Amino acid sequence: MLAAGQLSGMGEDPRPALRALLQREYDASSVVLCGSGTQALTLAIHEARRVVDAKAPVAIPAFSCFDVASAAIGADALVVLYDLDPETLSPDLTSLERALRAGARVVIVAPLYGIPVDWGAITDLTSRYQAVVIEDAAQGHGASWNGKRFGSLGKIAILSFGRGKGWTGGTGGAILTSDSTGDPSAGGFLEPEFSQRVDVAIRVAAQWALARPDIYGLPLSIPALRLGETTFLPPRAMRAMTRVAATTLLAMHDASAKEASVRQSNATTVIAGITGSAHVKPIPTRSFTTAGYLRLPLRVKGGMESFPNAQRALRLGITPSYPNSLAALPQLAGRIVAPYGVWPGAQTLVRELVTVPTHSRLRAHEVSEIIGILRTVGKF
């Protein structure tokens with residue numbers, strides 16, 4: 001349990017130690033700790049636009065976490081959407097180049113669920129347009145490309161430590177930069193209030209208490225928790241990371257590495273168990289990459305409606321991914337420039353992408369039941 005002194009903000013501040021740890025592990029020249037991953041991405045957009053053009057539109061994926069849109073709005077940026085390849089979850093390079101030709105000089109690349117994107121092709125393309133790539137590694141804990149961990153690939157990168165992120169402090173985020181991009185300022189950040197510090201502690205406790213697959217039905221039955229829902233959260237005032245979150249992250253650092261290994265093992269077991277299925281397809285990865293598998297994304301023809309027992313699938317933690325493309329968000333509509341109509345890759349993923357839990361609290365019989373349910377898709 002966290003001590004009263006940590007909740008009240010008294011005692012030694014753990015945040016300098018966390019900054020130093022992140023600098024070492026991600027080979028970063030500077031680290032700024034933020035109140036959330038979304039706030040870190042907002043600051044990253046400000047920093048990237050300062051480097052290239054303060055008025056340049058930002059290219060964002062048409063299918064991603066809604067917080068990407070919230071960060072763009074928080075940075076008061078115009079946006080250009082680009083599509084994803086539904087086979088790989090990587091940016092569709094033709095669509096991305098179209099966004100660059102439309103004037104985007106900042107590109108947010110957000111690998112989903114820790115599935116490595118084609119980073120080499122992305123950097124080759126964006127360098128031709130002298131664009132800055134923000135590596136949004138919010139879902140990338142445990143993933144790597146050519147031996148480099150997610151979060152250390154871009155000149156500007158962000159991490160998220162929110163609920164379910166593999167390495168979690170209950171909330172919090174970080175922006176990491178290399179020497180060539182300068183040092184973003186956190187001078188305007190507000191210190192978190194006492195109620196926010198308490199809220200972080202409650203989030204950490206609740207995540208561990210409610211993470212068991214055999215009691216998923218309990219939190220799912222409480223509407224106020226809004227678990228399993230994807231909602232748009234408007235931008236909030238920039239705040240520093242709480243001491244509670246930093247303390248939790250330092251304490252859970254070693255355990256998070258073990259957690260990542262278990263997630264990878266569980267994902268591999270499920271993938272092997274559904275080999276040969278004509279209706280459920282995993283996203284392939286390259287031999288020189290390591291997927292983090294924050295969750296295991298699968299393409300399922302018909303989505304959740306294809307499960308003969310969808311309610312049981314939900315109770316085991318099998319859920320649909322994002323319910324809409326970012327193009328459909330009304331909050332973003334007035335900021336989209338140079339729209340190109342439909343986004344076939346994004347729409348395919350809206351219809352088909354489901355995700356499977358991989359965390360360490362899954363028991364062997366639950367993994368087996370997940371495999372069994374996946375193998376029933378399309379057979380009835």
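These questions and answers go through parts of a predicted model.

Q: How many residues of strand β5 are buried?
A: Strand β5 covers residues 132-136. Val 132, Ile 134 and Asp 136 point one way, while Val 133 and Glu 135 point the other way, and all are buried. In general, the side chains of a regular strand alternate between the two faces of the sheet. For β5, then, the number of buried residues is five of five.

Q: Which residue in β5 is the bridge partner of Ile 108?
A: Strand β4, residues 106-109, pairs with β5 in the parallel sense, and four bridges hold this pairing. The bridge partner of Ile 108 in β5 is Ile 134.

Q: What is the handedness of the β-α-β crossover from β4 to β5?
A: Ile 108 has its bridge partner Ile 134 in β5. Between β4 and β5 the chain passes through helix α6, residues 119-128. The crossover is right-handed.

Q: Within what arc do the buried residues of α6 fall?
A: Trp 119, Ile 122, Leu 125 and Thr 126 are buried in α6. Seen down the helix axis, the buried residues line one face of α6, because they fall within an arc of 135 degrees.

Q: What covers the buried residues of α6?
A: The buried residues of α6 include Trp 119 and Leu 125. The elements that cover the buried residues include α5 (93-101), β4, β5 and β6 (144-145).

Q: At what angle do the axes of α10 and α13 cross?
A: Two packed helices are described by the distance between their axes and the angle between them. In α10 (residues 253-273), Asn 266, Thr 269, Val 270 and Gly 273 meet Val 367, Ile 371, Leu 374 and Arg 375 in α13 (residues 364-376). The crossing is right-handed. The axes come within 9 Å, and the angle at which they cross is roughly 35 degrees.

Q: Which strands stand at the edges of the open sheet of four strands?
A: The order in this sheet is β10-β12-β14-β13, and the pairing is antiparallel. Two strands each have a single partner strand, so one side of each is left without a neighbour in the sheet. The strands at the edges are β10 (280-282) and β13 (319-320).

Conventions: Residues numbered from 1 in each chain as written. Predicted model: local features only at pLDDT ≥ 70, side-chain atom pairs only at ≥ 80, totals over all residues. Heavy atoms only, no water. Buried < 20%, exposed > 50% of the residue type's maximum accessible area, 1.4 Å probe, protein only. Pairing = 2+ DSSP bridges. Right-handed = clockwise from strand over helix to strand, strands pointing away. Arc of directions from axis to C-beta. Contact = heavy atoms within 4.5 Å. Axes fitted to C-alpha atoms, helices over the stretch in contact; angles between N-to-C directions. Left-handed = near helix turned anticlockwise from the far one by under 90°.
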